[in-house]
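Dear colleague,

Please find below the structure I promised to hand over. My notes on what was found in it follow directly after.

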Amino acid sequence: MANSWGIAARGRGARARVAAGLALLLATSVLVAGQGVLAPAQAAPAVTPAAAPAAARAAAPSVAAGRKPNPAYVVTPGITFNHPFRNGQRGKIHHKIAATLRNVPAGATVRVITWNFDSPYLAHRFIRAHERGVTVQIIMSRGLARSQGRNLARSYPMVQRAFSRGNKGRPEELKSWIRTCRQTCRGKRGSMHSKLMLVSRSGATNWIVMQGSGNLTGAAAVQQFNDWTTVTENQPLYDGWMQMWNQAIQDRNFPALRFTTGNITTMFAPHKGEVDPALSVLNKVQCTGATNTASGRTKVRVANAVWGEERGARIARKVRQLDRQGCDVEIVFMMMQRHIRGILRGMRAKQMVYITGLTANKFKDRYVHMKGLAVQGNVDGRPDGNVVLSSSENWTRLGWHSDEENIIIRDDAAMTQKYVDHVDLIYREAPRTLSNYVNSADPDPTPRPRGGVADRNSRYLGPKDYPFHELEAELS
């Protein structure tokens, strides 16, 4: 029976018997929406069922690169958070990505879109997957790729060179590559700002969709609070995201792409005339009558890095309205324009930017980089509702027009509780309120300790100020 994307679904028992070559076919069969215009190579042609096993064998090297994948490995679905101040929690998202890559078998596919890619830790893992016969294809922002030049210590040139060498003798459809788009990949203006990874198979897990707020950089692991959402064994969702991928590799303007599969709604920017993803959730909130919160008030937890222009103001006005109607609202952010701070004045809103030197410096400071929210309570017409919005998108005009991804997951109580708890944690540790806000160019005029023994002894007040590459070394 065909699913909502017109592709026949396979049963779990049948999947267990499918060879690696047929797993490859599953992912590459939707890659033929059009020939890409991204230089230097073209989009891969389709692989026929008869050719797939032979093609997979041709791609696999005689000796597997690195440790062999574990066919019993299971990719855990759900949401993952990192914490840039706490030992063992800085690299949680990177470790999740690395474990998934380590167990991708030869003949499977990995698709990545990331605004920034500057992580030797992850670059080497993509290279190892490619060397053992995985087809890895990556799109990165053009300006940032060019800024890395030809320095092979940087991720873009390092991966580009390794993929080029390893492609010799591979069929065209199985070649790995890393490329850029002219500006956005699916739009005319803005920037390519998505952060996502699509994996056809890792270990015993199929159809893996991963996305979140963190780029593939050391800074994302050690400087920023980020989230990373994983959905597995959901072929309709995977196929829908692959439709977006097929559009992205063509590097031209496409209509907005939005669809719902079960309890998951996906919204890809550029949005054009559609309802704002954040407002699509907040407009369905009722502040009282919640049956899954102790107070009976609906909890609204917001963690969005940047609020700007009229778009940010619209969302702020809605959040303000919910606060006045009795919702339990809490906000953490990184940057916010003055008129938006005015809208939120008096609310529980804090700026999480820990300035490590005498002046603010976005290349060293620790800060919120998440771009989402959670609602626990009366939402979507349910008094016990649960909704999480996870995204790559700042609430700005640029985010509206750029290549971005949003995923809204409903009815997952455990994920919602985890998001609520994480925002509460950040709020407790945030050093600034709206009244002592600083932007990324201002000096730090006030002492950072807030007083009291607990504050002076907290781990958050004393992170070690190392460059990214030294901090990233602890992730290995």
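**Disulfides**

The link of Cys-287 and Cys-327 is left-handed, with -95 degrees about the S-S bond. Cys-287 lies in the loop between helix 10 (277-282) and strand 13 (299-304), and Cys-327 in the loop between helix 11 (309-324) and strand 15 (328-333), so this pair ties together parts that are 40 residues apart in sequence. Please bear in mind that the model is predicted. The sulfur atoms of Cys-287 and Cys-327 are 2.1 Å apart, and both cysteines are buried.

In total, the structure holds two disulfides. The other joins Cys-181 to Cys-185, with an S to S distance of 1.9 Å. The link of Cys-181 and Cys-185 is right-handed, with 100 degrees about the S-S bond. Cys-181 and Cys-185 are both buried. When the bonded cysteines of the protein chain are numbered in sequence order, the pairing reads 1-2, 3-4.

**A buried glutamate**

Which side chain of opposite charge is nearest to Glu-404? It is that of Lys-195, at 5.8 Å. A salt bridge requires a side-chain nitrogen of Lys or Arg within 4 Å of a carboxyl oxygen of Asp or Glu, and Glu-404, although buried, has no salt bridge.

The side chain of Glu-404 does take part in polar contacts. One, of 3.0 Å, joins Glu-404 to the side chain of His-193; another, of 2.6 Å, joins Glu-404 to the side chain of Ser-392. Leaving aside residues up to four places away in sequence, Glu-404 touches His-193, Ser-194, Met-267, Phe-268, Ala-269, Ser-392, Glu-393 and Gly-399.

Finally, three strands form an open sheet in the order 9-19-18, with mixed pairing. Strand 9 (224-225) and strand 18 (353-354) each have a single partner strand and stand at the edges, so one side of each is left without a neighbour in the sheet. In what sense do strand 9 and strand 19 pair, and over how many bridges? Strand 9 and strand 19 (residues 366-368) pair in the parallel sense, over two bridges. Within this sheet, Gln-224 stands opposite Tyr-367 in strand 19.

With kind regards

Methods: Residues numbered from 1 in each chain as written. Predicted model: local features only at pLDDT ≥ 70, side-chain atom pairs only at ≥ 80, totals over all residues. Heavy atoms only, no water. Buried < 20%, exposed > 50% of the residue type's maximum accessible area, 1.4 Å probe, protein only. Lys, Arg positive; Asp, Glu negative; His and termini not counted. Polar contact = N/O pair within 3.5 Å; in protein donor to acceptor, adjacent residues only side chain to side chain. Contact = heavy atoms within 4.5 Å. Pairing = 2+ DSSP bridges. Helix = DSSP H or I, 4+ residues; strand = E, 2+ residues; numbered from the N terminus. Disulfide = S-S within 2.5 Å.
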